[in-house]
Structures are given as C-alpha cells and as structure tokens.
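Please look over the sequence and the structure, and then read on.

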Amino acid sequence: SGDNKGQIIMVLVSSQVINYDKNGTKVEESNSYYNSKGFLKDRIYRRFEYDLNEKYQKEKIRVYNNQNYLIETENLRYNEKDNLIEQIIQEPGGTIIGKVFNDYDIYGKLIEHIRYGQDGRKLRSIKNFYDQNGKKIVEKNIEFLINSDESRKINKKFTYDRKGNLI
C-alpha cells in the first residue's frame with residue numbers, strides 16, 4: 001500500500017570523497033549532490049597540484065576540474081615562524097577571487113582568520129581566544145552575508161578535563 005505514515009525516510013543529499021597521497025596531501029576531491037529522490041544531480045571534481053618552497057611548505061596550489069582545466073591558483077605566504085599568513089586565490093587569468101589572512105600570537109597560536117571575497121568584502125572572521133595554558137577556550141565566528149550588511153555570529157566555547165583533554 002502507499003501508506004508511509006509513521007515511517008522515517010532518509011534521502012542522501014550530498015557526499016564527498018577526498019583522496020590523499022602517501023604524505024597526507026590532498027590530491028583529489030569529489031563532491032556529489034543528489035535531488036530529493038536520491039538521484040545524482042551534480043558532481044564537482046577537483047584535482048590539486050602543489051609547488052613547495054625550500055622548507056617543503058605549500059607555496060602554490062593549482063586546482064583543476066574533471067576536464068583537466070586549471071580553474072584556480074592559490075599563492076601562499078608564511079611568516080618567519082612558518083605559520084601561513086596569506087592565501088591569495090586567483091582565476092587562471094590572474095583575477096583575484098579571494099584572499100585569506102591569518103594572524104598569530106607570540107606562541108604561534110592562530111588568533112584571527114579573515115576571508116575576503118572577490119569584491120574585497122569580508123566574508124568570514126574567526127577569532128580564537130586561549131587560556132594561560134595555550135588551550136583554545138573561545139572561537140568567535142562571524143559570517144558576513146552576501147549582498148547584505150547582516151552577519152551570522154557563532155561563538156564556540158571549549159572546556160577541558162583535568163588532564164587537558166577537550167570535553
């Protein structure tokens with residue numbers, strides 16, 4: 001009969017597969033999206049290539065689509081303590097489509113992560129706060145909504161047991 005009353009029906013809406021090389025570096029990513037009946041609606045495939053600097057840090061990331069066309073390049077810059085401080089994302093023609101800036105405290109802990117869009121508007125800001133033992137205790141995440149002056153704020157609090165393990 002067609003009576004589905006009381007049944008719970010779950011439908012897969014998306015899936016992600018990420019492949020890593022033997023060094024733990026992401027080399028492929030595939031995201032699949034499904035319609036309400038569970039049939040494949042769209043699949044986005046990306047392949048990653050890296051240029052490393054003399055310290056074997058990623059200096060440039062090239063991203064290709066399923067037809068092996070370059071779709072974006074990311075240029076990365078590090079500070080003297082080897083922390084990632086800048087990420088510039090560009091289209092193949094050189095147009096900047098995004099920027100990420102990170103700021104660290106004197107101990108090398110990430111205290112602020114800011115992402116900007118193509119138009120230079122701030123898209124996301126994450127501020128981290130740490131206790132005297134260097135454990136993250138608060139993460140303030142602000143997501144700025146596109147075409148709006150509104151934002152969505154999420155504050156996460158972290159607590160630890162006596163041994164310093166995250167609860």
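## Charge and model basis

The protein carries 30 positive and 25 negative side chains, and the centres of the two sets lie 5 Å apart; here Lys and Arg count as positive and Asp and Glu as negative, while His and the chain ends are not counted. The place of a charge is taken as NZ of Lys, CZ of Arg, CG of Asp or CD of Glu.

This is a predicted model, in which local features need pLDDT of at least 70 and side-chain atom pairs count only at pLDDT 80 or more, whereas totals for chains, interfaces and linings use all residues. Residues are numbered from 1 along each chain as its sequence is written, and side-chain values use heavy atoms, with hydrogens and water left out.

## Overall form

The protein has zero helices and 11 strands, where helices (H or I, at least four residues) and strands (E, at least two) are DSSP runs numbered from the N terminus. The radius of gyration is 21 Å, well over the 15 Å that the globule rule gives for 167 residues, so the protein is more spread out than a compact globule; this radius is taken over C-alpha atoms, and the rule is 2.2 Å times the number of residues to the power 0.38. Along its principal axes the C-alpha trace spans about 65 × 50 × 40 Å.

Buried residues (under 20% relative accessible area, with a 1.4 Å probe and protein chains only) make up 25% of the 167 residues. Among contacts (heavy atoms within 4.5 Å) with a separation of 6 or more, residues 24 or more positions apart account for 8%.

Strand S6 (residues 84–90) pairs with strand S7 (residues 96–104) in the antiparallel sense over five bridges, pairing being assigned if DSSP finds at least two bridges between two strands. Glu-86 stands opposite Phe-101 in S7, and in the hairpin of these strands, with five residues between them, Gly-94 takes a positive phi near 105 degrees.

S7 also pairs with strand S8 (residues 110–117), again antiparallel, over seven bridges, and Lys-99 has Tyr-116 in S8 as its bridge partner.

Strand S9 (residues 122–130) runs antiparallel to strand S10 (residues 136–144), joined by seven bridges, with Asn-128 opposite Glu-139 in S10. Gly-134, in the turn of their hairpin, has a positive phi of about 85 degrees.

Seven bridges also join S10 to the antiparallel strand S11 (residues 151–157), where Arg-152 stands opposite Glu-143. Six residues lie between the strands of this hairpin, and Asn-147 takes a positive phi near 60 degrees.

Key. Buried means under 20% relative accessible area, exposed over 50%, partly exposed in between (1.4 Å probe, protein chains only).
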